[in-house]
Amino acid sequence: TLFSSVVSFALGFVTFRYIAPEHLGIWGTFSTFTMYATFLRLGIPNGMNRELPYYYGKGDNETAMKCASTTLSYALFTIVVSLIVAICFFINFDFDKYGELSNDYFYPAIVFWIVVLIEPYTTYLSGTYRTSNHFDKLSQLQILKSILSAVTILLLVFWGFEGYLIRYLLISVFDPIYLHIYRPIKKIAIEFDFSIFKKLFVVGFQLFITSYATSFIDTLPRLFVIQNGSSLDVGLFSPVIILVSTILLVPNVISQYLYPTFSYALGKGYDRIYFWNKLKPILLISLVIGVVAVGGAVLLVDPVLSYFPKYGAAGIYIKASCIGFIFLGYKVCTLLCSIFKEWKWLYINTICYGVFMIGSIFVLQFLIEDPILVSSLSISLTTLLMFFISVYMAYRLTHNKS
C-alpha cells in the first residue's frame with residue numbers, strides 16, 4: 001500500500017505537469033458517474049464478501065460455494081444489461097456539439113464504459129480472496145499493479161490526455177486478468193440459486209445501499225464545484241481528489257484485509273472484545289501517521305506546485321483538505337457494523353456522514369465565495385466529525401452486551 005501511495009503521488013506530479021486542468025475536469029466529470037453505475041449490482045457482491053468468509057469460518061463450504069456461484073451468475077447478468085445501456089448511450093449522445101473538443105469527450109466516454117463493463121467481474125473475483133491463504137496473491141497484485149502504474153506514467157509524458165486515458169484503461173483491465181488467473185475458486189458452475197440470492201440480497205443490499213450512499217456523499221464536494229464553477233475549477237479541484245484517494249489507500253487496504261479476517265473470526269465464535277482490541281492500535285497508529293503526513297504535506301505543497309504553474313492556485317485547496325487526513329482511519333471502524341450485522345448503527349453512521357458533508361457545504365457557501373475552498377474545507381470538517389462518531393460507535397458495538 002505504501003508503494004502504491006508513492007506511485008500515486010508521482011502520478012499526481014506528472015499529471016499536473018502534462019494534463020491541462022480543463023481535460024482533468026472532463027475526466028473528473030465522467031469518473032464521478034462511475035459510482036452510479038454500480039447500483040445495478042443491488043449489493044449482491046457485498047453480501048458475498050460478508051457471507052463467504054463467515055461460512056468458511058463455520059466450516060460450511062457447500063453454502064460458501066453457492067454464494068460464489070450465485071454472485072458470479074448475477075455479475076454476468078449485470079454486464080449484459082450495462083452493455084445494452086452503453087450501446088444506447090453512444091447512439092443517442094451527440095459528441096459533435098462539442099466541435100473541436102468532441103474527441104476530448106468521446107475517448108473518456110469509451111474508457112468509462114469499458115471500465116463499467118468489466119467492473120462487475122472484477123468485484124466478484126476480488127471477493128473470492130477471502131482467507132489468509134489468498135492474501136499473498138492480493139499483495140502481489142498490489143505490487144505488480146504499482147509497477148504497471150509507475151511504468152505507464154510515461155504514457156502521459158508522450159501522449160498527454162490520451163495517454164492518461166490509455167493508462168487508466170490498462171490498469172483497470174489488468175485487475176480482472178490477474179485476479180482471474182490466480183482465482184481461489186477455479187471450478188465453479190454458473191448456477192443461480194434463488195434462495196441464496198435472497199440471503200445475499202438481505203445482507204448485501206443493506207451494505208450496498210449504505211456504501212452507495214457513502215460513495216454518493218463522497219462526490220458531493222466535486223458536484224458542488226461542477227455546479228458552481230467551471231471546468232477549470234473542476235480541474236483545479238482534481239489535486240485534492242487525487243490526494244484524498246491516495247491517502248485513502250491505507251485505510252481501504254487495511255479494511256480489505258480485516259473484513260474477511262473479522263468475518264472468519266466471528267464464524268469461529270470470537271468474543272466482540274477481540275475486535276476492539278484489534279482496532280485500538282490501528283486507530284492510534286493512523287492518527288500518528290496522519291499528523292506526520294499532514295505536516296509534511298503543508299510544508300511541501302507550495303514548493304512542489306511551483307514546478308506545476310498551471311495548478312499553482314490549487315495550493316490553498318490542498319492545505320484546506322489536508323486537515324481531515326489525520327482522521328481518515330475512522331473508516332476502519334465502520335467494518336464492525338457489517339461484521340456484526342448491526343444495521344441500525346450502519347445507517348446512523350451513513351446518515352451522520354451525509355448530514356456532516358451536506359451541512360458543512362451548506363454553511364460554508366455563505367461564508368466563503370470560492371466553491372473549491374468550500375468543498376475542500378467541507379472534506380476536512382466532515383472527516384473530523386466522523387472520526388469521533390465512528391470511534392464511539394465501535395466502542396459501543398464491542399462493549400455493550402445488550
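Guide: Arg183 sits in the loop between helix 7 (153–181) and helix 8 (194–228). Helices here are DSSP runs of H or I with at least four residues, strands are E runs of at least two, and both are numbered from the N terminus. This is a predicted model, where local features need pLDDT of at least 70, side-chain atom pairs count only at pLDDT 80 or more, and totals for chains, interfaces and linings use all residues. Residues are numbered from 1 along each chain as its sequence is written, and side-chain values use heavy atoms, with hydrogens and water left out.

Visitor: What pLDDT does the protein chain average?

Guide: The average is 82, and 96% of the residues score at least 70. pLDDT is the predictor's confidence in each residue, from 0 to 100. Among the elements, helix 1 (residues 2–18) has the lowest mean, 72. Helix 13 (residues 343–367) has the highest, 91.

Visitor: What makes Arg183 a charge without a salt bridge?

Guide: Its nearest side chain of opposite charge, Asp175, is 15 Å away. For charge, Lys and Arg count as positive and Asp and Glu as negative; His and the chain ends are not counted. Beyond its neighbours within four places in sequence, Arg183 is in contact (heavy atoms within 4.5 Å) with Leu125 and Tyr129.

Visitor: Which residue does Asp175 form a salt bridge with?

Guide: Lys145, with the closest N and O atoms 3.0 Å apart. That falls within the cut-off, so the pair counts. Lys145 lies in helix 6 (residues 132–151) and Asp175 in helix 7, so the bridge ties together parts 30 residues apart in sequence.

Visitor: Why is Asp175 called buried?

Guide: Its relative accessible area is 14%. Buried means under 20%, exposed over 50% and partly exposed in between (1.4 Å probe, protein chains only), so Asp175 is buried. Lys145, at 25%, is partly exposed.

Visitor: What makes Arg272 and Glu342 a salt bridge?

Guide: Their closest N and O atoms are 3.2 Å apart. Arg272 lies in helix 10 (residues 272–305) and Glu342 in the loop between helix 12 (335–340) and helix 13, so they tie together parts 70 residues apart in sequence. Arg272 is partly exposed at 28%. Glu342 is partly exposed too, at 23%.

Visitor: How many salt bridges are there in the whole structure?

Guide: The search finds 5. One of them joins Arg50 and Glu51 (3.1 Å, N to O). Both Arg50 and Glu51 are buried. Arg50, Glu51 and Lys341 are linked in a network of salt bridges.

Visitor: What makes a space a cavity, and what makes it a pocket?

Guide: On a 1 Å grid over the protein atoms alone, a cavity is a set of points where a 1.4 Å probe fits but cannot get out. A pocket is an open set with protein on both sides within 12 Å along at least five of seven lines, and lining residues have an atom within 4 Å of a point. There are 2 cavities of 30 Å³ or more. Helix 4 gives the largest share of its lining, 4 residues.

Visitor: What is the volume of the second largest pocket?

Guide: About 290 Å³. Of its 16 lining residues, the closest to the centre are Ile26, Thr29, Phe30, Phe33 and Tyr105. Volume is the space filled by probe spheres set on the grid points, which are joined across faces, edges and corners. Helix 2 gives the most to this pocket's lining, with 4 residues.

Definitions and conventions
A salt bridge is a side-chain nitrogen of Lys or Arg within 4 Å of a carboxyl oxygen of Asp or Glu.
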